[in-house]
Every structure is written in C-alpha cells, then in structure tokens.
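Work through the exercises below with the sequence and the coordinates open. Each task is followed by a solution in steps.

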Amino acid sequence: MIEGEDFTVALSDPEIVEPMMQVPPVLPVLPLRDIVIYPFMIVPLFVSRDRSIKAVEEALKENRMILLVSQKDVNKEEPVKEDLYSVGTVAIIMRMLKLPDGRIRILIQGLSRCRVGDVDPSGDHIKASVTPISEPLAPENSLEVEALIRNVRSSMERAMKLGKPISPEVVAILANLDDAGRLADLSASNLELGLADAQSVLDIEDPIARLRRVNEVLERELEVLTFQHEINTQARADMDRSQREYFLRQQLKAIQNELGESSELSEEINSYHDKIANAKMPEAVQAEAQRQLKKFERMHPDTAETSTLRNWLDIVLDLPWSTASEDNLDLAAAQKILDEDHYGLPRVKERIIEALAVRKLRKKPKGSILCLVGPPGVGKTSLGRSVARALGRKFVRLSLGGLNDEAEIRGHRRTYVGAMPGRIITAIHQAKTNNPLIMLDEIDKVGTHFRGDPSAALLEVLDPEQNFAFRDNYLGVQFDLSNVIFMTTANVLETIQPALRDRMEVITIAGYTASEKLEIARRHVIPKQIEDNGLTAKDVKFDKRAILRIIGEYTQEAGLRQLEREIGKVCRKVARRKAEAKRKVSAVKVTAENITDFLRVPKIHVERAPTKDSIGTVTGLAWTAVGGEILIIEALRTRGKGKLLLTGQLGEVMQESAQAAFTFAKSRFAELGIEEDVLEKFDIHIHLPEGAIPKDGPSAGIGMATALVSVLSRRPVRHTMAMTGEITLRGNVLPIGGVKEKLLAARRAKVKTVILPKANERDLVDLPQEVHDDLKFIFVENVLEVFDAALRPAPRKAKAKKAGGTK
C-alpha cells in the first residue's frame, strides 16, 4: 500500500533540479494509489507491495531515480500498462527507512513530468521507458498569466479561511511564486483533489492551460467550501438556539415548581408524549408525530396554527393504529346469525360464509370487495350489519349518495381552514379499531365535480394491492386499510365507474316473492313494529290473508319498506285505541275483511293481463329499479302508406327494436300470412300505455314483433301468455336481464305461460319453487317460434274480409 504522510509539500532548491536533465531512458516503476505526485513536491510514502519494494531497492542501487505513476484502479494488485496513466513523474529518493512490519518509508522529491512508454511487468519489479516532458516557458508581461496567478493566490487564501487544511507556509510560498507552471502544481497538490482531477492537472504540459485548469478546480472547491461553511454556521446556530430554549425551559420549570404552579401547556405536551409512546404507531408515523409535537412546543399557545396542530395531534394519536377486534370465525354461529336476521337469500349467505371460511384458513387474506346490488328495501345494508355481528367486528356505514368531492374520501389538506380527515379515516376513528366492517352505501350515486372524482379516490381504497398504504391528505401519513372489510351497496350497476366496478364482486339481490314477504313480515317486520309502537304481541294479531292483501293491494315494490310502513300504520291505530280505552281492551285481529278500516281503500291498482284473446294486444315484461312489471303492448292498423308510428314515450333502443320487428315482418310477409297490399295500404301504430313513464330497452322486441304480426295477419294473441326477449333483424331472439323480477311480475298478473329466450333457461335455477309451480315456460331461439306459440290461427271471417278489403 502506498500513501502520502502529512502531505507536507515544499519547493526544492534549484540545484536539485539539475539532475532531471540526465533522466535515464528506462526506470523502475512505483505504482501509486489515490495520490498524484507533481514535480518539485517532497512527500513521504509508505511502500508495502513486494514488487514496489524491489523497485525502490533497484533505484537506490542505480541513480536513486524512480518513476511514479498513479493507478487507474486502486484495487489492482499487479498493474500492467493499461492500468497505469500515460503521464507520470520522475522522482528522486532522498531518504529510505525500513520498518519492523516489513514495509519501507521513503522520502521522495518530484523532478519532472514524463510520458510513460513501454512497460515491462516481468522480473521482480516493473520497468518502463520514459520520455521527459520539457515544460515551455510562460510568456512574459502577459495580462492573462498575471490575472490567473493573482486569482489562484487569492482563491487559495479564501480556501484556507473557509477551513481548507493549507499550511501558512504554503500560502507564503504561493505569494512569492511567479512561475505559472510551478504555482499550478503547488496549488493542485494542496487541494486534496480526486484522482481524476489531480491527474488531469499533471497531464497538461502548457503552464498557462494548467494554471487555468487549477483555477477552474479552485472555483468549484470554493463553492463547496462556502456551502459547507453555511451549513456548519446554521447547524451551530440551531444548536445554540436549542440549548438556549432548553435552559430557559428548565429555568421556567424551576420557577413554576417554586411558586407551586403547573403549566397546562406542559401537561398537555407531556400527555402527547405519553400517547405517542403508547400508540404503537409505525416508525414513520411516530417520527412525524414527534416532529409535529416539537413544532407544537415552540409555538405560542394562542396562535391559530397551534389550534390546527393540536387538532391534528388529537386525531392522529386517537386513531387505532394497533387496536383490532378479534374475529369470530365460527361458521355455524355466523350462519345462525345470518338466518336470524334475514330470511331467504341463500346465494348471498353462501358467498358470505365462503369469505369467512377463507379468513379462517388464512390470517390476512386479500379477498374481493362484495357489492350487493338490488332494488331499495331488500336488506342490502342490514346484511352488512349482520356480517359484522357474525364476525364480531365494529360496523360503520358511510352513505356516498350525492358525494361529488374527492376530499370527502381523501380528506382536506391542513392548509385549509376547517380541514378534516376524509370519511374513511373518520369511520375508523369512530370505530376505535383498525379492522371494522365499513359499508359504503349507495356507491352507484357518487357524482363528479370540478373538485375531483370521488370514484377515482375509491379505486385506491377498494384495491387490496394498494390500500395497505392509504394516505389521507389531512393526516399526511400512511394508514393500513388492508385489515378493513369493505362492502358496498348499489341499486344499479350502470352508473358505477367501470374501473371501480372491476374491483368488486357483484352479488345481485332480486326482489322478494309474495310468500317470502309474508314470511319476513311474520318473523321480522310485525314484531319490530309492535315493539316500536309500544304494543305487545297480545295486543294485535295479523291474519295471513290480511298480510297478503297488504302486500298485493297496498304495496308495489321489490323490497319491504312500504310494507313496513303500512304495517306500522296499522299498529299505530291499534296503539291509539289502546291509549284511549278507559278499560282493558281485547286483542285486535287484523283480517283481510277489516284491513280497509285501518288502511282505507287499496292504493295499488294491480295490473292484470288481458282476460281474452285479442288482435294486436301483447303482454310484455319489463324490469325497473324497484322490481318487475308487466308491459301491455298495443298495435292497431289504419289506412295509410305503410308507415310505422310509435308512441308511449319510448326510448331510442325500444324504437329501434320496433323498426327491426317491422322490417322482419315485411321480409317474411308471405310466410306469416300477411297480404302484400296490406303493407302498402295501411299504417301501423304501436302504443305502450302509461305514456308519462319513459320506457327503453331491447327486451320488448319479441312483444312488439308479435303485436305487429298479429295486427297485420289478423291473428289473435293468446291472453294467457307473456313474453320478453330481444329481436334481431333476421328474427333471432337474444337473451335479456332481470329474469327473476320479470317472472315475479308475470306471476302477480296471473299469467300462465311465459316465453323466454333459450339462452335465459339457466337463469331459472335460482327461482323460488312457487314460481316454477305457477308458471309454464317456453324457450325460443327464433321469433317464428314465438308466433307459433303466441298467435292463434286467423278466424275465417277475418280471412274473407281480407279478400274483399278491410273497411
């Protein structure tokens, strides 16, 4: 190992320079590590490598001259020519001392630059041919040289004042040195330059260019030293200020103790310190809390910023960073709770139990987010509450209806007045545990605004791959949401952002049948309303037929909310009778006959299918957000020019379905028994009653086609049939959605047979058995099959009239 000791640099006497003219053509080589030796430098070196020691010994035997060349790679033990720089320094060994550990210490003086030629690594030491570089003289009376010399001298003095370890003797020599080349070498040797920068100075032969290069290096070094000085000054000032504050606080504490007073602020700060120590927060959060608390300590207690920071500390330290409820993973108990709280819904319960089973087998699963979709009042939100109860977790409901500000999810930044955390962090703060069940209600009603899209913020919240590092804008630190179970509810899927919908597993909850509503009313609704209205089970009795009449004639919904209100109305009237009675009254029995005494006349006109076969009248089926309904389609022909008129506030898709059905009928008029002149002499008018209600969708396609063909061919439609399906231009019948809701509507309307697309046959698997018992299904793939099933043959009189024309 070769390194400089003390880096003491001095100028040699002029007579020592004389031998440089007699430099032999081949010299032993001493490779240097992390140091560059310049001419006229006197430097002590330690030599430890065997080959390097042999080179020193060889030089001492001859003329004491040796070639000093820096290595490019300091880790190379046996350097070759490629590992050495091309310019080195011929030096003379002035003194040598052998050390006890086998190393030698030499004192060398640089003589001149030289170019390294061929290198011979063979033998016991490295030899190289050298070519001395004669240094040109700088021009006299040059303004540039004079300016560079003065600039380098002043820069060296500034560097020493800024803390650079330059001895005063060197500065004195620099002040009296007028040779540009030697001034450049002496300055570079005292700047502790990196190997590449130091070698770049040695490589330059021209003294003016070399001095210019040293001046550039000095300028950069002065900038670094200036910044370093500023940093040290600032750190010293901060340290002095902190020590001063510490002593003042200690004195203040001593004065308060002597007076028997206690500072409320100091007590508050101490309580914050205790909370931080006991909160078991992540390291990054704890460091941020400590930083904000130190800032809080230095503030005046009456400033507005102090109040803002106090609120932040209160919220952050009250969050349940390490508090979690223990899950109850007894699947049988969970099934029992779900059955107690909700009647039916087998698929939904099965999926929830599956999720609990996975959680039982894996401590921290990355499960999907369940999205319960269905009409209002079917029990979506209460299902989430039951799941939380089954798991033993806290339940928090967040209503997202009408939400249009992203800050409601991510929180407001603390720079704003009245800033607060987002709803997610607020919900966890309220739950007091870091693993509650959060129900995001009405996620389909989230809006967009110029303030941002809340749906985009929910993407991170509901993604198990991201929500472990959720950052609320108010907190400014990360909170782990991966322990939280999220469930969402929606009435429709179409308004949910596609990327958000992709992160959720959709479970559809369709409407209830009348028998299901009857059972739910008996088990849950009636006991709840009796209790809510101050009655007992002995005060009022509901007959089964009375409940069914309330369901059929006073409510028209897929859920149970209106049913609950009507039963509550009955209970309130019974409660009034009981409260006004002066003596004990007997139990009130609510029957189908006296229900009007409590609820007056029925509110709902039950839509019934046609009672007889007729031409141009078809019973269709429709889906709405609150369940299914029947849809009466009427068609009539009048004299005209073969035009198609559509009324009933039909949407664009439904109008296109009617046009496709009309085109199909015209293309198959002979096959369908339609006379050609009928298409040219008559206009067709299709109308869907209840014109105030907008209607759209393709599922009425086969119904409108049947009505068209019926009125054109004068074939009556069977009144016991209802139908739904999309029609193509070639007459194919495509599948539709909302099958369960539509079939429940058909059953309510006393329809006997329903025509469905063949592809929808699989949707009948989950239907209640009572629907299978009451309805007959015909599955079709082409609209011609619909006509064969739904249309009766044309009466003979009608055919005779057609031959003579229609009046």
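The accessible surface of the protein chain comes to about 41400 Å², and 51% of that area belongs to carbon and sulfur atoms. Accessible areas come from the Shrake-Rupley method with a 1.4 Å probe, and for residues only the protein chains shown count as cover. This is a predicted model, in which local features need pLDDT of at least 70 and side-chain atom pairs count only at pLDDT 80 or more, while totals for chains, interfaces and linings use all residues. Residues are numbered from 1 along each chain as its sequence is written, and side-chain values use heavy atoms, with hydrogens and water left out.

**Exercise 1. Confidence**

Task: state the mean pLDDT of the protein chain and find where pLDDT stays under 50.

Solution. Step 1: pLDDT is the predictor's confidence in each residue, from 0 to 100. The mean for the protein chain is 84, and 93% of the residues reach 70 or more.
Step 1: pLDDT stays under 50 over residues 1-20, a stretch with 50 contacts beyond four places in sequence in the model. A contact means heavy atoms within 4.5 Å.
Step 2: residues 797-807 also have pLDDT below 50, and the model gives this stretch 12 contacts beyond near neighbours in sequence.

**Exercise 2. Overall dimensions**

Step 1: along the principal axes, the C-alpha atoms fill a box of roughly 140 × 90 × 50 Å.
Step 2: of the 807 residues, 46% count as buried. Buried means under 20% relative accessible area, exposed over 50%, and partly exposed in between (1.4 Å probe, protein chains only).
Step 3: among contacts with a separation of 6 or more, 75% join residues 24 or more positions apart.

**Exercise 3. The two sides of helix 10**

Task: sort residues of helix 10 (331-341) into buried and exposed, and say what covers the buried ones.

Solution. Step 1: helices (H or I, at least four residues) and strands (E, at least two) are DSSP runs, numbered from the N terminus. The protein chain has 27 helices and 24 strands.
Step 1: Ala334, Ile337 and Leu338 of helix 10 are buried. They lie on the same side of helix 10 because they cover an arc of only 95 degrees around the axis, the arc being that of the directions from the helix axis to the C-beta atoms.
Step 2: an α-helix has 3.6 residues a turn, so residues three or four places apart point the same way.
Step 3: Ala332 and Lys336 are exposed on the other side of helix 10.
Step 4: the cover over the buried residues includes helix 11 (346-361) and helix 12 (380-391).

**Exercise 4. Helix starts**

Task: which side-chain oxygen reaches a backbone nitrogen at the start of helix 10, and which at the start of helix 26?

Solution. Step 1: a polar contact is a pair of N or O atoms within 3.5 Å; within protein, one must be able to donate a hydrogen and the other to accept it, and residues adjacent in sequence count only if both atoms are side-chain atoms.
Step 1: at helix 10, a side-chain oxygen of Asp330 comes to within 3.2 Å of the backbone nitrogen of Ala332.
Step 2: at helix 26 (residues 783-790), an oxygen of the Asn782 side chain reaches to within 3.0 Å of the backbone nitrogen of Leu784.

**Exercise 5. Helix 4**

Task: why is helix 4 (residues 180-189) described as largely enclosed by the rest of the structure?

Solution. Step 1: 9 of its 10 residues are buried, so helix 4 is largely enclosed.
Step 1: the buried residues include Leu183, Asp185 and Leu186.
Step 2: Asp179 caps the N-terminal end, with a side-chain oxygen 3.0 Å from the backbone nitrogen of Gly181.

**Exercise 6. Lys742**

Task: is Lys742 buried or exposed, and what does Lys742 touch?

Solution. Step 1: Lys742 is found in helix 24 (residues 739-748).
Step 1: Lys742 has a relative accessible area of 3% and is therefore buried.
Step 2: not counting residues up to four places away in sequence, Lys742 touches residues including Leu621, Trp623 and Thr724.
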